Amino acid sequence: MGKGFTKKLITALMIGGLMTMGVSGQISEAAANITNPYGLVYGNAITHNEAGKVNIRPVEYKVEGIKVSANLYLPAGYEENGSKKYAAVTVAHPNGGSKEQVAGLYAQRLAELGYIAIAADARYQGASGGEPRLRDYPSNRIEDISGMLDYLSTLKNVDTSRIGSLGICGGGGYTLAAAQIDKRIKAVATLSMFNSGRVRRNGFLDADIKGIQARLEKAAVARNKELTGEIVYEGFLPPNSTDEQLRAKMAELPENTLYRDGIEYYGLSHRHPNATGSY
């Protein structure tokens, strides 16, 4: 993996102010009535394509026969038939998130820094296809990242020797796993990286290692239920919760903690109907 490109990608993230969330605006229940034509809910999101500025292009492609919905972010001055080659970055969204939230924010900022960037909904989630809905298998999420690489590699303006991958929260863990096996990834960076496998095995911060067997038993029961058509969901955002219910749930948690901040962002300030927080 090219150390020079990795350093440039991380430096670009820092220069662009991307080591912080960089979000603005309180959306709350109004997110149910999104006015952005692309469904974007992050601050300063693109509302229309304009010459000389970063443009957005909704795209679709298939991964293992399943439709993927993605947003392609193109740098200012991008010419479809031009000869210029661009470095490109895939952006993997957090568990329970969608491309219209923080993943889109980072993709847009990367495009502002001169990269072609793509943020895609994981299969079974968001606007992508796949049944049952909200399935979040690690192997699927890893392959979704390779699927974004596949798509970028079809664009003649992408320099395939300079494709990097950025993963946020759960998407960060999956991105590191993808970089281990997909050598088309020449640079990798994560933000608030969440190791889903370790957390599911040992509990958050390894707090429930003794509960491994109980969780495996719970998973076995859930799998048997799925065979009969009953899907069991987990997650930190109870489905169809009101703002008041979510704030009450936040009040039960210590300040500045992972799940409290997650409820604030994904459930209140930047809610999107495709991001339920469940899986």
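Author: Start with two tyrosines: Tyr61 and Tyr151 are both buried. Buried means under 20% relative accessible area, exposed means over 50%, and partly exposed is in between (1.4 Å probe, protein chains only).

Reader: Before we go on, what kind of model is this, and how are its residues numbered?

Author: This is a predicted model, with residues numbered from 1 along each chain as its sequence is written. Local features need pLDDT of at least 70 and side-chain atom pairs pLDDT 80 or more, totals for chains, interfaces and linings use all residues, and side-chain values use heavy atoms, leaving out hydrogens and water.

Reader: What is the mean pLDDT of the chain?

Author: The mean is 89, and 89% of the residues reach 70 or more. pLDDT is the predictor's confidence in each residue, from 0 to 100.

Reader: Where does pLDDT stay under 50?

Author: Over residues 15-28, for which the model has 37 contacts beyond four places in sequence. Contact means heavy atoms within 4.5 Å. Where pLDDT is low, the predicted coordinates should not be read in detail.

Reader: Back to the rings. How many aromatic pairs does the structure hold?

Author: Five. Rings of Phe, Tyr and Trp (its six-membered ring) pair if their centres lie within 6.5 Å; planes under 30 degrees apart count as stacked, over 60 as edge-to-face and the rest as tilted. The centres of the Tyr61 and Tyr151 rings are 5.1 Å apart and the planes are at 20 degrees, so this pair is stacked. Tyr61 is in strand E1 and Tyr151 in helix H3 (residues 138-153), so the pair ties together parts that are 90 residues apart in sequence. For Tyr78 and Tyr86, the ring centres are 5.6 Å apart and the planes are at 45 degrees, so that pair is tilted. Tyr78 and Tyr86 are both buried.

Reader: Which residues do ring pairs link into a cluster?

Author: Phe194, Phe204 and Tyr259.

Reader: New topic. How many helices and strands does the chain have?

Author: Eight helices and six strands. These are DSSP runs, numbered from the N terminus: helices are H or I with at least four residues, strands are E with at least two. The chain has 279 residues, and buried ones make up 50% of them.

Reader: In what order do the six strands stand in the sheet?

Author: The order is E1-E2-E4-E3-E5-E6, in an open sheet with mixed pairing. E1 and strand E6 (187-191) are at the edges with a single partner strand each, so one side of each has no neighbour in the sheet. On average, neighbouring strands of this sheet are turned by 25 degrees against each other, direction ignored. Two strands pair if DSSP finds at least two bridges between them.

Reader: How many bridges does the pairing of E1 and E2 have?

Author: Nine, with strand E1 (residues 55-63) and strand E2 (residues 66-74) antiparallel. Ile56 stands opposite Tyr73 in E2. The two strands form a hairpin with two residues between them, and Glu64 in the turn has a positive phi of about 50 degrees.

Reader: And which way do E3 and E4 run, parallel or antiparallel?

Author: Strand E3 (residues 86-92) and strand E4 (residues 116-120) run parallel, joined by five bridges. Thr90 has Ile118 in E4 as its bridge partner.

Reader: What is the phi of Asn44?

Author: Positive, about 60 degrees, although Asn44 is not a glycine. Asn44 is in the loop between helix H1 (3-15) and E1, and counts as exposed at 64% relative accessibility. Ser192 also has a positive phi, near 50 degrees. Ser192 lies in the loop between E6 and helix H5 (196-202) and, at 61% relative accessibility, counts as exposed.

Methods
Axes fitted to C-alpha atoms, helices over the stretch in contact; angles between N-to-C directions.
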